Amino acid sequence: MEAVVRSASMARSRLAVTLLSAALFAAPGPGWSPARADDSFALYPSNETLRQVQLATLDCGRENTAPTCERARNLADHLMDHPMLSGFCKDALWGVVQIAVSGPDNSLSRRDGVDTAADRVVSSCRKVSRPVAKDGPAGPGSSAGGPGGGSGGGRPSGSGFGFGSSGR
């Protein structure tokens with residue numbers, strides 16, 4: 001009888017240790033920021049941040065010095081791990097990291113390549129806003145905004161998708 005009680009208490013203590021370990025493993029540490037603990041809290045980079053990368057890259061193309069090119073590469077590299085940026089944006093940032101280096105001469109072809117990479121950052125990384133619904137034939141206050149197939153819908157009941165109440 002005593003062995004059964006001892007076995008049950010050991011099982012409870014093992015369960016408590018396992019649950020405590022799991023809770024400590026899953027909880028973020030005190031040094032973690034919300035962006036690291038959960039990427040849903042990360043903010044999209046501002047237009048000003050993207051513009052700083054562009055201007056630093058243009059400075060690199062114009063001045064052709066190691067410090068200006070290193071600044072452009074560092075600003076672009078810092079954004080490469082951002083969780084909300086698209087692949088197109090990261091390709092543009094990677095282009096800046098690769099091409100923003102000082103060269104022996106500041107030729108027109110070198111400068112054009114750097115300037116093109118700088119322009120791609122802003123055009124590829126801009127946050128896309130959602131379109132706003134307009135008041136009109138299919139706007140929020142009209143009857144055409146409902147699902148097709150019913151009365152007042154925008155489509156006739158036989159909309160060609162293989163379902164609906166068509167008289168066939």
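**View 1. Accessibility of Arg 62 in the predicted model.** Arg 62 is partly exposed at a relative accessible area of 43%, a class lying between buried (under 20%) and exposed (over 50%), computed with a 1.4 Å probe on protein chains only. The model is predicted, so local features need pLDDT of at least 70 and side-chain atom pairs pLDDT 80 or more, whereas totals for chains, interfaces and linings use all residues. Residues are numbered from 1 along each chain as its sequence is written, and side-chain values use heavy atoms, without hydrogens and water.

**View 2. Salt bridges of Arg 62.** A salt bridge places a side-chain nitrogen of Lys or Arg within 4 Å of a carboxyl oxygen of Asp or Glu; two are counted by this rule. Arg 62 pairs with Asp 59 at 2.4 Å, N to O. Both residues belong to helix 3 (residues 47–63), three residues apart, about one turn of the helix; helices are DSSP runs (H or I, at least four residues) numbered from the N terminus. The closest N and O atoms of Arg 62 and Glu 63 are 3.8 Å apart, forming a salt bridge. Asp 59 is partly exposed at 23%, as is Glu 63 at 40%. Shared partners join Asp 59, Arg 62 and Glu 63 into one network.

**View 3. Packing of helix 3 and helix 6.** The axes of helix 3 and helix 6 (residues 108–125) are 8 Å apart, at an angle of about 175°; axes are lines fitted to C-alpha atoms over the stretch in contact, with angles from 0 to 180 degrees between N-to-C directions. The two helices are therefore roughly antiparallel, the class for angles over 145 degrees. Contact (heavy atoms within 4.5 Å) involves residues including Arg 62 of helix 3 and Asp 115 of helix 6.

Note on methods: Angles under 35 degrees count as roughly parallel, over 145 as roughly antiparallel, 65 to 115 as roughly perpendicular and the rest as oblique.
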